[in-house]
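Please look over the sequence and the structure before reading on.

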Amino acid sequence: MMNFLFGPSADLEIHLDGSDDRQKGDVLLDSGKKEACPVYFDGEAVSGKVNIRLKQSKMEHYGIRVELLGLIEQFSDRSSQHEFLSMARELARPGILTQSCCLEFEFVSVEKPYESYFGVNVKLRYFIRVTVTKRLNDLVKEQDFLVHTLAQYPDTLGGIKMEVGIEDCLHIEFEYNKSKYHLKDAIIGKIYFLLVRIKVRHMEVQILRRELVGVGPNSMSDCETVAKFEIMDGAPVKGETIPIRLFLGGYELTPTMRDVNKRFSVRYFLNLVLIDEEDRRYFKQQEVTLFRRRPNRHRRIAQEQQHQSQSADTAQPVHQQPDRSYFHHRSAHFGAKSPAAASGRSAANADGANTANNNNDNEAAVSPGNSDDSSSQSGESNDQ
């Protein structure tokens, strides 16, 4: 009897059109569980149906409304939610429902400027919200969906080459084939040992994700190790080359995000770590840019449109200049003159090298320059 008086008078269900045929992705719910949701792209329409199933013979309401919302929420302060996208439609005027019904909605050409993100301290989500306004308690139902942002860079193979070391102790040089990688790409590189006067027993590459939320004194930073890869076990010798090949497709990575709505940023680094026989650590970090490449269908359409545009225009095509806003080191084409091929060393994958020498677990940088914005010095070339 109490449930009849105070319980919900109807069940709401939201179904997005074409969701069964769309690509799916995981959305992290507040309960900690993951739910598979359809993926949309910028500019696509979002449409669907709202099923209202009455639990009583009739239900009086003061209007039925559907909203499409984009929300940024900080976990440390739930009250600081920020809506960067808000669209609404009225599905029904105030009245009385005497039977279950199905209401259709559509949001045309929706601009979705940011990628969905579920991080350690912040999340960016898109969802549909249906509200049935009632006298006492409104009926509310939400349905999440994912948004993927696509990018494309020129197919130029500009590489990164850097030299780091400790004077008269260790001098290494590493090369990487790119500075921008799509999420299914492979990082290919080499490490040359030019001078080895310390006994290195272990080398690994780490993928670091650095999340920065907020600005000023209230900002929060979190660094997470996404993956570790052992690329050498044993002492190298002078002139030896260690190859690196790291496939990104098997890891939960997102595109690099910089100053999203002036709320948060997500950056990725490759961290090369060397450990000597006295457990001193030497490391070098290098920032890389990750992006989501257009699917084959989207790439083919973009290429056709570009070809048509070039055919109609007699002017020379405009070539995108290399982006040098994040890397300022000496750049060189990958595969330039290199020492002899490596002997039997285990290769995995990587792209960064930050060196720090440290006695009794205290780390000292091999070369000045951490991955912070103020001290990062590296050169950048574009990739696809």
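The model is predicted, so local features need pLDDT of at least 70 and side-chain atom pairs count only at pLDDT 80 or more, while totals for chains, interfaces and linings use all residues. Residues are numbered from 1 along each chain as its sequence is written, and side-chain values use heavy atoms, with hydrogens and water left out.

The protein chain has two helices and 22 strands (DSSP runs of H or I with at least four residues, and of E with at least two, numbered from the N terminus). Of its 384 residues, 45% count as buried, meaning under 20% relative accessible area with a 1.4 Å probe, protein chains only. Among contacts (heavy atoms within 4.5 Å) with a separation of 6 or more, 72% join residues 24 or more positions apart.

A nonpolar core is a set of buried Ala, Val, Leu, Ile, Met, Phe, Trp, Tyr and Cys residues joined through side-chain atoms within 4.5 Å. The largest one has 70 residues, and Ile52, Ile128 and Phe264 have the most contacts inside it. This core lies between domain 1 (10–147) and domain 2 (160–291), because both give residues to it; the bounds come from an automatic or database domain assignment. Leaving aside residues up to four places away in sequence, Ile52 touches Ala10, Asp11, Leu12, Met59, Ile64, Leu97, Ser100, Cys101 and Leu103. A second, separate core has five residues, including Cys37 and Leu146.

| Space | Volume | Lining by class |
|---|---|---|
| Largest pocket | About 1000 Å³ | 14 nonpolar, eight polar, 14 charged |
| Largest cavity | About 30 Å³ | seven nonpolar, no polar, no charged |

The largest pocket is lined by 36 residues, and His148, Glu252, Leu253, Thr254 and Arg292 lie nearest its centre. Strand β2 gives the largest share of this lining, five residues. Both domain 1 and domain 2 give residues to the lining, so the largest pocket lies between them.

The structure holds one cavity of 30 Å³ or more. Ile187, Ile207, Leu248, Leu253, Leu270, Val288 and Leu290 line the largest cavity.

Key: Buried < 20%, exposed > 50% of the residue type's maximum accessible area, 1.4 Å probe, protein only. 1 Å grid on protein atoms, 1.4 Å probe; cavity = no way out; pocket = protein on both sides within 12 Å on 5 of 7 lines; lining within 4 Å. Points joined across faces, edges and corners; volume = space filled by probe spheres on them. Nonpolar A, V, L, I, M, F, W, Y, C, P; charged D, E, K, R; others polar.
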